Amino acid sequence: MKVGLTGGIGSGKSEVARLLAERGAVVVDADALAREALAPGTAGLAAVLAEFGRDVLAADGSLDRPKLGALVFADHAGRAALEAIVHPYVARRSAELMADAADAAEDAVVVYDVPLLVENHLQHDFDLVVVVDVSHETQVRRLTGSRGMTRDEVAQRIAAQAGRDQRLAAADVVIDNDPDDSDRVALRRQVEALWVRLRAA
């Protein structure tokens, strides 16, 4: 069973992935693979430096992600250039990892945690698409609070992703994560119901 898990920035998608992993799912994290693609010493990081200059390096030689983010989310061409560097690596590695998980166990539930599932038209690659949904107001509150972003930065991040309606149109299952962050009971119940469905498939 291949599951595509997505949601807008600040939706809590990673928490849903963690809860599914607790229940036995094999989670492949696209964001982790993107970080791997740009780790020190990689061809990906070298390509980023050639495109954006050495100012995007931190003092320890790693990528300064906030600085790069400030550049690319304010510039469509820059974002496209970064995606051209990162996406091929992520696509290749995620396919390898999902295939390995499926080979290891016939009944494996493999969850691909990917923020740009709809943007990259990947929904047809999965047996089930799960969308973690929140309101725009919740996204803003979470990102300005826990991540310390300004409202302008939040607006840029949200504008760079598919709209809420586009994600919901691609969903087979919607998990509502709009309730207060301190109340995880509702989220856990929804994930448990999803897990029962996945195991029965």
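Which residue of β5 stands opposite V130? V173 in β5 stands opposite V130. The views below come from a predicted model, in which local features need pLDDT of at least 70, side-chain atom pairs count only at pLDDT 80 or more, and totals for chains, interfaces and linings use all residues. Residues are numbered from 1 along each chain as its sequence is written, and side-chain values use heavy atoms, with hydrogens and water left out.

**View 1**
Helices (H or I, at least four residues) and strands (E, at least two) are DSSP runs, numbered from the N terminus. Two strands pair if DSSP finds at least two bridges between them. Strand β4 covers residues 128–133, and four bridges join β4 to the parallel strand β5, residues 173–176. Buried means under 20% relative accessible area, exposed means over 50%, and partly exposed is in between (1.4 Å probe, protein chains only). Six of the six residues of β4 are buried, so the strand is largely enclosed by the rest of the structure. In a regular strand the side chains alternate between the two faces of the sheet. From β4, L128, V130 and V132 point one way, while V129, V131 and D133 point the other way.

**View 1. Strand β1 and its two partners.**
Strand β1 spans residues 2–7; five of its six residues are buried, so β1 is largely enclosed by the rest of the structure. Five bridges join β1 to β4, and these two strands run parallel. Within this pairing, T6 has V131 as its bridge partner, and G7 stands opposite V132. Four bridges join β1 to β3 (residues 110–113), also in a parallel arrangement. On the β3 side, the bridge partner of K2 is V110.

**View 2. K2 and the ring of F126.**
A charge sits over a ring if NZ of Lys or CZ of Arg is within 6 Å of the ring centre and within 35 degrees of the ring normal. The charged end of K2 sits over the ring of F126, at 5.7 Å from the ring centre.

D113 is found in strand β3. With a relative accessible area of 2%, D113 is buried. Contact means heavy atoms within 4.5 Å. Leaving aside neighbours within four places in sequence, D113 is in contact with L5, K13, S14, A17, V27, V28, D29 and A30. A polar contact is a pair of N or O atoms within 3.5 Å; within protein, one must be able to donate a hydrogen and the other to accept it, and residues adjacent in sequence count only if both atoms are side-chain atoms. The side chains of D113 and K13 are joined by a polar contact of 2.5 Å. D113 and A170 are 57 residues apart along the chain, and their C-alpha atoms are separated by 15 Å.

Helix α1 runs over residues 13–22, and its buried residues are K13, V16, A17, L19 and L20. Seen down the axis of α1, these buried residues fall within an arc of 165°, so they line one face of the helix. The arc is that of the directions from the helix axis to the C-beta atoms. Just after α1, G24 takes a positive phi of about 115°.

**View 3. K67 in helix α4.**
K67 has its place in helix α4, residues 65–72. Its relative accessibility is 40%, so K67 counts as partly exposed. Leaving aside neighbours within four places in sequence, K67 is in contact with D55 and V56. The side chain of K67 reaches the backbone oxygen of D55 at 3.3 Å. From K67 to L20 there are 47 residues in sequence and 32 Å in space, C-alpha to C-alpha.

**View 4. H121 in the loop between β3 and β4.**
The loop between β3 and β4 holds H121. At 62% relative accessibility, H121 counts as exposed. Most residues other than glycine have a negative phi. H121 has a positive phi of about 55° although it is not a glycine.
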